[in-house]
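Hi everyone, thanks for coming. Let me walk you through one model, starting with an annotation and ending with a helix.

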Amino acid sequence: MTSVQELIRTAASAEKTIGGISPGSITLEGRKPIALKSTGTCDVDLTVAPWEVDEKPGYGPGANTQDEIPQTAPRQGPLPERYRNATDEELDRWIRDAKATLGDRVSILGHFYQRDEIVQYADFIGDSFMLAQAAKDRPEAESFVFCGVHFMAETCDVLSTPEQSVILPNLAAGCSMADMATIDQVEACWEALMGTLGETAADGRQSVIPVTYMNSSAAIKAFCGRNGGIVCTSSNAHTVLEWAFERGQRVVFFPDQHLGRNTAKAMGITEDEMPLWRPHLPLGGNTAKQLSDAKVILWNGFCSVHKRFTVAQIDKARAEYPGVRVIVHPECPAPVVEAADGSGSTDYIRKQIEAAAPGTIFAVGTEINLVNRLQQQHPDLTIFCLDPVICPCSTMYRIHPAYLAWTLEALVRGETPNQIRVDESVAHDSRVALERMLAARP
Ligand code: SF4
């Protein structure tokens, strides 16, 4: 199996040869993903081991490298030399042996965007909510080793029992989008909105309903739970906004402006009715009238992985592959979603591909590890990433087999490293917002 890491190594050595990063051209030989033909990576440091960048500030190499990391973001301590110096074969043996010893007591959960070197050990693979739900379905597990990012591990802790522990193998695996909205910023925003708009509209509804994307901290989910709000995923954002408009005059949507905008636009809400809230500016950079006229106030957050996709990439794919079907994630900017043939969650993308007739060509706008894996699982289709530069999510990339081996061997010794714990009062209010989402499902 060709992993993204092998592609990165190949592309990085090609870069050294050709002396620079090149987006490459969209060409296919046989039915290989376009990433296989790439001569470039977005960051040459992708070839270094994660522990070489873990203790430094920043998100590390990959799509999120330019994002500003909060000073409070968790850092990972040093990884013991035994793991740093191990060969791939040793790590594989240690992981398999520890897994066999731990049996059903420990469940490894792997996100769709995780590298293949990790996914191969996962007991369950899914998107963030599917993984948290999977934890609920495994009462026999004492621990979940969560191979995703920090907010997902928090949600898993919120939905699992108090006796179960959730472990993030590398604490530096955060999410730059989730980090773009801190609880202090959200509370300051709410205070300003309440001061400007009041708590209740003339018709008796709330003046504003807070809605947060699953990709946010437990503290923000709890904030929504406490204030009549709700959580959404990329699969159910439309249903959740309908739920919110039944109860409120407008919505403030955290933290992904693109999912909020794409969903609201599909519901007929205009750009003028969607002001952007910039947390460092008074009233988020808006006038009181703009806020009063708003239907959806969008937090100024984004995913740096999905922000990379462009309409020019779609035009190029269509020109070179007539009949290509373009599907993208709704975290992509609105012009990209509008130029695509379809948009939806990772689960939607997976299902579209599973249902396709042999020979169908797909250009996909989502994380490279998932796109590459889908091509490997469907050799009768041609599936390529819209972005020919290999650029994985920097934080997912931080979960390396060396950390997994370290975590599992610690569990065998009876230790619980890197446990993610959500304070019970925060967990309680988060569950309120999550349960509203489940009840709002069509
Ligand atoms: S892909 Fe984007 S939203 Fe998902 S974990 Fe990475 S930065 Fe966060």
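Predicted model: local features only at pLDDT ≥ 70, side-chain atom pairs only at ≥ 80, totals over all residues.

UniProt, in an unreviewed entry, puts the feature "binding site" at Cys-175, Cys-303 and Cys-393; positions follow the numbering used here, feature names are shortened, and such annotations may be inferred rather than shown by experiment.

Residues are numbered from 1 along each chain as its sequence is written.

Where does Cys-303 sit? Cys-303 is in the loop between strand 9 (296-299) and helix 13 (311-320); helices (H or I, at least four residues) and strands (E, at least two) are DSSP runs numbered from the N terminus. Cys-303 counts as buried because it has 27 C-beta neighbours inside 10 Å. The cut-offs are 20 or more other C-beta atoms within 10 Å for buried, 12 or fewer for exposed, and partly exposed in between, with C-beta atoms placed from the backbone.

Cys-393 lies in the loop between strand 13 (382-385) and helix 17 (401-412), and is buried too, with 27 other C-beta atoms within 10 Å.

Now, helix 3. Trp-94, Ile-95 and Ala-98 are buried there. The face turned away carries exposed Asp-88, Glu-89 and Ala-100. After helix 3 comes Gly-103, with a positive phi near 55°.
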